[in-house]
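Please look over the sequence and the model shown below before reading the notes that follow. They are grouped by topic.

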Amino acid sequence: MKKIEAIIKPFKLDEVREALSELGINGLTVTEVKGFGRQKGHTELYRGAEYAVDFLPKVKVEIVLADEQVDHAIETIIASARTGKIGDGKIFVSAVEQVVRIRTGEINEQAI
């Protein structure tokens, strides 16, 4: 099993969710996060004063999948989250040792 963490632009969330749903992936966790990479923030003007916005709003989507679904999920996230501009985000994949569904006690693939 693998865990995919995708950091994407907030306005792309619905598009990514719908695309993953078409693949049959229905369970995911979404968190509003802030951060920066190459974008490095920007300056804004508020009531005549200029200030720096160092951390930009992003969305983190987390999914735990069987190994054979991972490549398709990554391709789908890339296709639906890409704008072609800086700040599109990143995808991280890591191994998951065990999953337990609390309600039923199911373990691993049966639990995801």
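In which strand does Leu 65 lie? Leu 65 lies in strand E5, where helices (H or I, at least four residues) and strands (E, at least two) are DSSP runs, numbered from the N terminus. The model is a predicted one, in which local features need pLDDT of at least 70 and side-chain atom pairs count only at pLDDT 80 or more, while totals for chains, interfaces and linings use all residues. Residues are numbered from 1 along each chain as its sequence is written, and side-chain values use heavy atoms, with hydrogens and water left out.

**The sheet**
- Four strands form an open sheet in the order E2-E5-E1-E6, with antiparallel pairing, two strands being counted as paired if DSSP finds at least two bridges between them.
- The edge strands, each of which pairs on one side only, are E2 (29-35) and E6 (89-95).
- From one strand to the next, the twist averages 20°.
- In general, the strands of a sheet pair through backbone hydrogen bonds, either parallel or antiparallel.

**Partners of strand E5**
- Strand E5 (residues 56-65) pairs with strand E1 (residues 2-8) in the antiparallel sense over 7 bridges, and Lys 3 stands opposite Val 64 in E5.
- Strands E2 and E5 also run antiparallel and are joined by 7 bridges, with Lys 34 standing opposite Pro 57 in E5.

**Helices across the sheet**
- Helix H1 (residues 13-22) lies across E1, E2 and E5 and runs at about 10° to E5, where axes are lines fitted to C-alpha atoms, for helices over the stretch in contact, and angles run from 0 to 180 degrees between N-to-C directions.
- Helix H2 (residues 70-81) lies across E1, E5 and E6, running at about 5° to E1.

- Leu 65 is buried, with a relative accessible area of 4%, where buried means under 20% relative accessible area, exposed over 50%, and partly exposed in between (1.4 Å probe, protein chains only).
- Strand E5 is largely enclosed by the rest of the structure, because 7 of its 10 residues are buried.
- Not counting residues up to four places away in sequence, Leu 65 touches Met 1, Lys 2, Ile 4, Ile 25, Val 70, Ala 73 and Ile 112, contact meaning heavy atoms within 4.5 Å.
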